[in-house]
Amino acid sequence: MGKKILLKNDHIPGIQSYDVYRQHGGYASVEKALKTMTPEVIVEEVKKSGLRGRGGAGFPTGLKWSFLAKPEGVARYLVCNADESEPGTFKDRYLMERIPHLLIEGMIASSFALGAKTSYIYIRGEYFYVARILEQAIEEAYAKGWLGKNILGSGFDFDLHVHVGAGAYICGEETALLESLEGKRGNPRIKPPFPAIAGLYACPTIVNNVETIAAVVPIINDGGDAYAQIGIGKSTGTKLISASGHINKPGVYEIEMGITVEDFIYSDEYCGGIKGGRKLKAVVAGGSSVPILPAELILKTAAGEPRLMSYESLADGGFATGTMLGSGGFIVMDESTSIVKNLWNFSRFYHHESCGQCSPCREGTGWMEKILHRILEGHGKMSDVDLLWDIQGKIEGKTICPLGDAAAWPVASAIRHFRKEFEDYVQKPSSIKDVKHYYRLHEAGTAS
Amino acid sequence: MPKVTIDGHSIEVPDGTTILEAARKIGGKIVPPAMCYYSTLKTSGGYCRTCIVKVSKGSERDPRPMPKPVASCRTTVMDGMEVENITSPDLMEARAGVVEFLLINHPLDCPICDQAGECHLQDLSYEHGLSKSRYEFERRTFEKIDIGEKIKLHMTRCILCYRCVKVADQLCDGRVHGVINRGDVSEISTYIKNVVDNDFSGNMIDVCPVGALTDRTFRFKSRVWNVNPVDAHRDCKKCAGKVMLWQKGPEVFRVTGRKDTYGEVIDWICNECRFDKKQTSDWVIEGPSNIERTSVISQNHYTLPEPAHKPLLNDVKIVPDHYQIDNKK
């Protein structure tokens with residue numbers, strides 16, 4: 001069995017409730033932090049732990065915390081980004097549903113470290129029932145004196161609120177999230193200034209993912225060095241992976257960074273192999289926005305090394321032959337999957353979720369979706385594939401926020417690795433009306 | 001004062017100046033085009049992405065180049081920064097891409113559009129656009145809306161530059177004008193189609209870079225190049241009263257604010273001056289307006305332009321002509 005830190009207690013019945021959680025060592029980190037540590041020491045421990053942001057970008061959390069401006073007389077905020085909307089990612093929901101007090105514990109300890117007196121959990125609109133779970137847990141924590149005035153007699157006052165979003169993918173972008181939290185239209189802000197300087201209500205703010213904040217709890221309990229021992233290289237600790245697609249055991253798994261991708265897909269402890277014993281075709285390793293990789297490149301890097309579940313190994317080879325760990329949304333596709341159809345579905349999503357603020361993303365995402373739909377329906381042209389390539393290149397890096405990149409990368413990678421499939425769709429529209437039929441032809445060698 | 005180099009031209013500018021403003025101080029062809037930035041409207045800019053530039057050296061202290069093109073209207077200069085605009089073929093291609101995006105859903109109904117001749121999107125696509133559209137799908141359309149009795153909103157032509165939203169926010173009282181919906185179906189609207197009832201709402205028409213917001217008292221009356229602009233003023237209690245009258249013979253067809261080289265209104269004018277004073281007797285005529293020679297409006301008339309910022313190096317041909325770069329494609 002791999003090492004479990006965050007989910008070590010998730011099998012215990014009633015862990016959702018305060019009493020059971022407390023019996024199993026809950027809130028020990030708050031006790032330790034408030035009674036024996038100073039905020040600076042906690043930030044130092046988090047730096048030592050090598051913890052990296054679990055929301056997708058993988059930015060070192062300790063470093064981010066140290067950027068927080070601390071002007072006199074100005075409030076500071078910690079905002080937990082629970083707007084988990086990346087297709088293929090559902091780890092935060094699982095964590096909040098099963099062990100809500102872990103997040104609250106992390107929020108208290110982290111806010112103490114950052115000097116925030118009020119903090120928010122911004123949760124996506126579709127998770128309204130999870131918000132109720134959290135609200136109930138917060139009520140319990142208030143009743144037991146873990147929240148409110150003068151916690152544990154340390155003089156630290158802290159209030160925690162849950163804010164439910166209205167269901168927009170873009171509000172997972174930190175500045176759009178802050179706009180939405182302020183009650184405005186959820187449009188990303190133009191950076192700089194970064195939230196650490198001027199965030200929520202123009203005050204210094206840190207925005208962290210649910211899993212990142214939860215990971216602060218074991219870091220305080222066991223120390224940063226102990227946490228840094230787990231994992232491999234600069235990818236320390238454990239990571240929650242949301243595994244979905246054509247696998248025998250989809251679900252949320254906590255893995256120690258550094259296990260091989262092959263192990264993760266095929267071992268019984270994790271995904272348990274491909275459904276029906278079919279062949280692996282492709283994997284989207286970190287949520288829909290990261291580049292898709294074909295089977296041969298996801299299992300082994302271009303250099304022939306086994307690919308590991310870590311930030312560095314998955315990114316090995318750049319975008320030409322690599323991908324990203326992202327938010328850990330691991331989507332497995334077997335040989336019966338149509339990459340074109342899958343890509344159209346992703347593009348449709350980004351078209352629907354573009355906020356419409358800046359032109360390349362607003363116009364380009366819709367254009368890509370329409371072209372893909374045309375190819376899928378069998379009315380495509382050979383020039384469409386080049387046109388798609390051109391459009392994605394003109395969106396990537398030209399937009400205010402990373403949604404433009406997120407819309408462009410799947411298109412770029414699908415064309416890079418599966419160009420032939422697009423061309424087949426254009427040249428033999430009759431053979432693809434039934435996708436499964438198309439693959440039977442392909443296996444027999446008649447469609448190529 | 002930080003010193004910035006744009007396409008080989010160096011200039012010292014005060015702290016906090018944006019790359020675009022620095023480029024405007026240098027003047028000439030190196031000035032990036034701007035569709036959404038408006039120097040007199042706070043927080044404008046950053047949306048259209050036409051003003052993107054390549055920062056090949058971040059600053060003296062941190063000489064690393066910036067990884068992506070940046071919006072020059074919202075990026076402040078650092079000491080020792082080096083910027084490439086028309087000298088970078090990659091960037092010119094990226095900008096052409098942005099222009100293409102702006103045009104794919106634009107109706108291109110210039111022959112019946114009142115803005116034709118003074119439209120920034122026309123100028124932009126003439127300079128950076130392709131001669132033929134690669135977009136083969138149906139373009140999005142919206143119903144026309146009257147916002148107030150004097151302003152027509154034709155959302156189909158809108159490029160969502162947000163300038164009118166900033167005017168409504170910053171010049172008018174109460175927040176009644178904004179954006180609804182999301183993505184490529186977002187639209188400018190007023191709260192449940194309320195009228196924008198404010199003395200300065202007419203400035204939305206002037207800031208609109210395209211024909212999305214037009215003057216209902218001028219719609220379909222004349223092409224802009226068939227009316228002669230003259231500078232005029234009157235004693236107005238609400239605004240500066242400095243305007244341009246657009247005349248054909250003695251008849252005043254419309255009244256607008258005076259604009260600088262970059263098409264930005266110099267003094268906001270009130271709705272009374274704009275919509276109600278349509279007699280020459282209401283005004284003291286100063287003389288013909290300065291109009292950019294290259295503009296369509298100057299077809300029939302007159303004086304040499306005098307830009308707001310005097311170009312220093314307009315004639316020095318150190319940098320390649322960006323038309324040449326364009327033609328290579």
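Biologist: Why are helix 6 of chain A and helix 7 of chain A called oblique to each other?

Modeller: In this predicted model, their axes come within 9 Å and cross at roughly 60 degrees. Angles under 35 degrees count as roughly parallel, over 145 as roughly antiparallel, 65 to 115 as roughly perpendicular and the rest as oblique, so these two helices are oblique. Axes are lines fitted to C-alpha atoms, for helices over the stretch in contact, with angles from 0 to 180 degrees between N-to-C directions.

Biologist: Which residues of helix 6 of chain A meet helix 7 of chain A?

Modeller: A:Pro100, A:His101, A:Leu103 and A:Ile104 do, and their partners include A:Ile133 and A:Glu140; contact means heavy atoms within 4.5 Å.

Biologist: What makes B:Ser72 buried?

Modeller: Its relative accessible area is 0%, and buried means under 20%, exposed over 50%, partly exposed in between (1.4 Å probe, protein chains only). So B:Ser72 counts as buried. Beyond its neighbours within four places in sequence, B:Ser72 touches B:Thr18, B:Cys51 and B:Val53, among others.

Biologist: How many bridges join strand 7 of chain B to strand 10 of chain B?

Modeller: There are 3, and the strands run antiparallel. Pairing takes at least two bridges found by DSSP, so strands 7 and 10 of chain B pair.

Biologist: What are the ground rules?

Modeller: Residues are numbered from 1 along each chain as written, and chains are lettered from A and ligands numbered from 1 in written order. Local features need pLDDT of at least 70, side-chain atom pairs count only at pLDDT 80 or more, totals for chains, interfaces and linings use all residues, and side-chain values use heavy atoms, leaving out hydrogens and water.

Conventions: Helix = DSSP H or I, 4+ residues; strand = E, 2+ residues; numbered from the N terminus.
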